[in-house]
Amino acid sequence: MFRAGFSSNAGFHSKEKMFIYGAGRNVIIDTNDNQMQLVGHDSTVSCTCVSNSLLVASGQLASPGNKNYDSQVILWKIGTRDPIGRLFGLKEGVKAIIFSNDSRYLAGVSFKDQLIIWDLKTQTEMYMKLF
């Protein structure tokens, strides 16, 4: 269901020839022609991932003011600058995120050894496990 490998703070979409990476609290989409900056995180972007269907997910470190240590994952549609969704539940920072092969689900792992799988159609948590 999910592709092998881990996400990092940089990704590449080979079909669209886009390089995607975190820079501070922003996500940068870089092409040969231009650079788009996506703004929406309240803490440092820790990882990014791009799907086959031109979705980008970006996770962040824990927000300094958040007492629950909840870290958000923002979903973006390439071509727009606005978030299309925000996913919560991972504690103490997002370590890695990855789309399923069909882009229907997103899996995330926290620095607290927690796994969450979200259904992207409903943007709800469908599975959670602590290791």
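Mentor: Let us begin with a term for cover: a residue is buried when its relative accessible area is under 20%, exposed when this is over 50%, and partly exposed in between, with a 1.4 Å probe and only protein chains counted. This is a predicted model, in which local features need pLDDT of at least 70 and side-chain atom pairs count only at pLDDT 80 or more, whereas totals for chains, interfaces and linings use all residues. Residues are numbered from 1 along each chain as its sequence is written, and side-chain values use heavy atoms, with hydrogens and water left out.

As a setting for the pairs, the protein chain has 12 strands and zero helices, where strands (E, at least two residues) and helices (H or I, at least four residues) are DSSP runs numbered from the N terminus. Of its 131 residues, 46% count as buried.

Now to your question. Side chains of opposite charge can pair when their charged atoms come close. A salt bridge here is a side-chain nitrogen of Lys or Arg within 4 Å of a carboxyl oxygen of Asp or Glu, and the search of the whole structure finds three of them.

One joins the side chains of Asp 70 and Lys 91, with 3.7 Å from N to O. Asp 70 belongs to strand β7 (residues 70–77) and Lys 91 to strand β8 (residues 83–91), so this pair ties together parts that lie 21 residues apart in sequence. Asp 70 has a relative accessibility of 15% and therefore counts as buried, while Lys 91, at 30%, counts as partly exposed.

Another salt bridge brings together the side chains of Lys 112 and Glu 92, again with 3.7 Å from N to O. This pair links distant parts of the chain, 20 residues apart, since Lys 112 is in the loop between β10 (105–110) and β11 (114–119) and Glu 92 is in the loop between β8 and β9 (94–99). Lys 112 is partly exposed because its relative accessible area is 46%, and Glu 92 counts as partly exposed at 35%.

The remaining salt bridge is formed by the side chains of Asp 102 and Arg 104, at 4.0 Å from N to O. Asp 102 has a relative accessibility of 44%, so this residue counts as partly exposed, and Arg 104, with a relative accessible area of 49%, is partly exposed as well.
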